[in-house]
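Work through the exercises below with the structure open. Try each task before reading its solution.

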Amino acid sequence: HERHERRIWFVVALTAVMMVAEIVGAVSESEDLALVRASFGRMRESLEGHLRDEDRLYESALAGARPPHRYVLQGFLDAHKVFHSRLAEIDADLAQISHAEAARELTDFVAIFEAHEAAEERMLAQLEAEARLAAVSS
């Protein structure tokens, strides 16, 4: 059951990363910043939904987590707040920056977001391994 849930979250995370990468591709292929802004708006809405879903998952797990995991989960929740702020900043910036600046901002965001998602995946893998070990030990 936990492994199935982990796979679902991995697919959700992968989808989010792919959406972010898609918007970067749209910036690279289109000089029409209005089109880029519209694409970004759709991606932002979906990505923020993904972050809210993860927040609910992490907040419910926070109280029962061991201290080292609790700190990591809290770090992920804090990072999500930064991502929400950064998405709002990028959205505002897209109205007034050049095509090259938009591509740079989105590329930077993708790199940070992908690293964050990879860290979440590593943590989930570790939790799964610990749960398997605890099941074998008991």
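**Exercise 1.** Find how helix H2 and helix H4 are oriented to each other in this predicted model.

*Solution.* 
- Step 1: locate the helices. H2 covers residues 33–62, and H4 covers residues 99–137.
- Step 2: take the geometry. The two pack at an angle of about 20°, with axes 13 Å apart.
- Step 3: classify. Angles under 35 degrees count as roughly parallel, so H2 is roughly parallel to H4.
- Step 4: H2 passes H4 in a left-handed crossing.

**Exercise 2.** List residues where H2 meets H4, then sort the contact by class.

*Solution.* 
- Step 1: from H2, take Leu 33, Phe 40, Leu 47, His 50, Leu 51, Glu 54 and Tyr 58.
- Step 2: from H4, the partners include Ala 102, Leu 106, Phe 109, Phe 113 and Met 123.
- Step 3: sort them. The contact has 10 nonpolar, three polar and three charged residues.

**Exercise 3.** Compare the span of H3 with the expected one, and name its buried residues.

*Solution.* 
- Step 1: H3 runs over residues 67–94, which is 28 residues.
- Step 2: from first C-alpha to last, H3 reaches 40 Å, close to the 40 Å expected at 1.5 Å a residue.
- Step 3: the buried residues of H3 include Leu 73, Phe 76, Leu 77, His 80, Phe 83 and Leu 87.
- Step 4: their cover includes H2 and H4.

**Exercise 4.** Work out how H3 and H4 are oriented to each other.

*Solution.* 
- Step 1: H3 and H4 pack at about 160°, with axes 11 Å apart.
- Step 2: angles over 145 degrees count as roughly antiparallel, so H3 and H4 are roughly antiparallel.
- Step 3: their crossing is left-handed.
- Step 4: this contact has 16 nonpolar, four polar and five charged residues.

Definitions and conventions
Residues are numbered from 1 along each chain as its sequence is written. This is a predicted model: local features need pLDDT of at least 70, side-chain atom pairs count only at pLDDT 80 or more; totals for chains, interfaces and linings use all residues. Side-chain values use heavy atoms; hydrogens and water are left out. Axes are lines fitted to C-alpha atoms, for helices over the stretch in contact, and angles run from 0 to 180 degrees between N-to-C directions. Helices (H or I, at least four residues) and strands (E, at least two) are DSSP runs, numbered from the N terminus. Angles under 35 degrees count as roughly parallel, over 145 as roughly antiparallel, 65 to 115 as roughly perpendicular and the rest as oblique. A crossing is left-handed if the near helix is turned anticlockwise from the far one by less than a right angle, and right-handed if clockwise. Contact means heavy atoms within 4.5 Å. Ala, Val, Leu, Ile, Met, Phe, Trp, Tyr, Cys and Pro count as nonpolar, Asp, Glu, Lys and Arg as charged, and the others, Gly among them, as polar. The expected span of a helix is 1.5 Å times one less than its number of residues. Buried means under 20% relative accessible area, exposed over 50%, partly exposed in between (1.4 Å probe, protein chains only).
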